[in-house]
Amino acid sequence: MIKDCVDSTGDFYFICDNGGPWGIVLEALAIIGIVVTILLLLAFLFLMRKVQDCSQWNVLPTQFLFLLGVLGLFSLAFAFITPLNEQTAPVRYFLFGVLFALCFSCLLAHASNLVKLVRGSVSFTWTTLLCIAVGCSLLQTIIAIEYVTLMMSRCMMFKHLTPYQLNVDFVVLLVYVLLLIALAFFVSNATFCGPCENWKQHGRIIFVTVLISIIIWVVWISMLLRGNPHFQQQPNWDDPVICIALVTNAWVFLLLYIIPELCILYRSCKQDCPLPSNACPVPVYQRSFRAENQELSRARDSEGAEEAVALTPYGTPIQLQAVDPTQEYLVPRAQLSPQQDAGV
C-alpha cells in the first residue's frame, strides 16, 4: 500500500513514510488546523453582525484577514512535506514570507489601534487598519516576487547550490518578516501604558502571541543554520525543522490570539449593549463637572424661571443670571476723558 503512494521520483515519500512519520504527523496537524480555521472564519462572520461597539468592530476585518493568512500557513505545510523541487521551490520561497508578513502585519495593525484606545483616543477605521496590514506586508510580497522571478529565470540555479546556501537564502529572504515581528512586539508592549485598563487585555494577548512566535523563529533559524550542520543532519532535517516551525506557529496564532479574541467577542455579543469594559471610563473630573452641570441646569430661581448654565474653557460650569425680557436694558456708550477732550 505504501508503495502505491510513492511515485517514481520519491517526491511524495514523506507523506506515507512510516519509518520517519514526521510527515504524517504534520500533515494531520495541518489538516486539523485547516478545518478549525474554517470554522473560526464562519464564527467571525456570524458574530460580526452582532457587534455594536464600533471600536471593537473596526478590528474584525483585520482579524478576518489574519485568519485567511493562518489558513494559508496550514496549507503551505504540504509544500515542505514534499521535497524541494522545481515545483515546490517557488511556492516555498514566495508564500512562506508573504503569509507570515501578512499575519504579523495584522497583529501590528491591531496593536497600533490598541495604543490609541488605551489612551482614550478614537479607534482607527476598519479601512485604515486593513490598509496598515496590507501595506506593511506589501514590501515582503515585492521582495518574494523578485526572488522567485530570478529563480524561475534560472530554474536550475537551486540545484547547483549547497543545502547550506539554500538555507541562508531562505533566511535572508525573511529579514523583513523579522522586522515586522520586532515592530509588533514593541508596539504590543506599548499597549500596557494608558488609563484604559480593560483594553489592555487585548494588548496582552498580542504580546504573548508575538513573544512565543519570536521563540519559535529563533529556534528554527538556529537549527536550520547551526544545529543541522553541527549534528551532520543537513539536508535531512531541513524540511522537518521548517515544517514543524510553520505548523507550530500557525497553531500559536489560533490558540493564543484568535480563540481568546473570539471569546471576548462572544461575551460582548451576548449583551444587549457593548461591554462597559471596552469603553474607556470617563475621568473623575469630567464626571464631577457633568454632575454639577446637571444640578445647575435643574435649578430654578424664585420666580420659576430656569437659570442659564455655561461652561468655562476648562469645562467648569458657571451660573448665568436670568434676564427679564419685560425690562429695557441700555448699553453704556464709551466716553472720552477730560484729557482726551482737551487733546482733541
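Helix α10 (residues 238-269) has a kink of about 30° at Ile-258, shortly before the proline Pro-260. The bend at a residue is taken as the angle between axes fitted to the seven residues ending there and the seven starting there. Keep in mind that this is a predicted model: local features need pLDDT of at least 70, side-chain atom pairs count only at pLDDT 80 or more, and totals for chains, interfaces and linings use all residues. Residues are numbered from 1 along each chain as its sequence is written, and side-chain values use heavy atoms, with hydrogens and water left out.

Back to α10: its 32 residues span 45 Å from first C-alpha to last, close to the 46 Å expected, where the expected span is 1.5 Å times one less than the number of residues. Helices here are DSSP runs (H or I, at least four residues), numbered from the N terminus. Because 23 of its 32 residues are buried, α10 is largely enclosed by the rest of the structure. Buried means under 20% relative accessible area, exposed over 50%, and partly exposed in between (1.4 Å probe, protein chains only).

Now for the rings. There are 23 aromatic pairs in the structure. Rings of Phe, Tyr and Trp (its six-membered ring) pair if their centres lie within 6.5 Å; planes under 30 degrees apart count as stacked, over 60 as edge-to-face and the rest as tilted. Two tilted pairs look like this:

| Pair | Centre to centre | Angle between planes |
|---|---|---|
| Phe-96 and Phe-170 | 5.1 Å | 55° |
| Phe-231 and Trp-237 | 6.2 Å | 40° |

Phe-96 in helix α5 (residues 88-117) and Phe-170 in helix α7 (residues 163-172) are 74 residues apart, so their pair links distant parts of the chain. Phe-96 is buried at 1% relative accessible area, and Phe-170 is buried at 5%. Phe-231, on the other hand, is partly exposed at 48%, as is Trp-237 at 36%. Ring pairs also join up into a cluster whose members include Phe-96, Phe-170, Trp-217, Trp-220 and Tyr-257.

Helix α5 also holds Ser-112, which is partly exposed at 21%. Its side chain reaches the backbone oxygen of Leu-108 at 2.8 Å. Not counting residues up to four places away in sequence, Ser-112 touches Phe-124 and Val-187, with contact meaning heavy atoms within 4.5 Å. Ser-112 and Ser-188 are 76 residues apart in sequence, yet 7.6 Å apart in space, C-alpha to C-alpha.

Conventions. Helices (H or I, at least four residues) and strands (E, at least two) are DSSP runs, numbered from the N terminus. A polar contact is a pair of N or O atoms within 3.5 Å; within protein, one must be able to donate a hydrogen and the other to accept it, and residues adjacent in sequence count only if both atoms are side-chain atoms.
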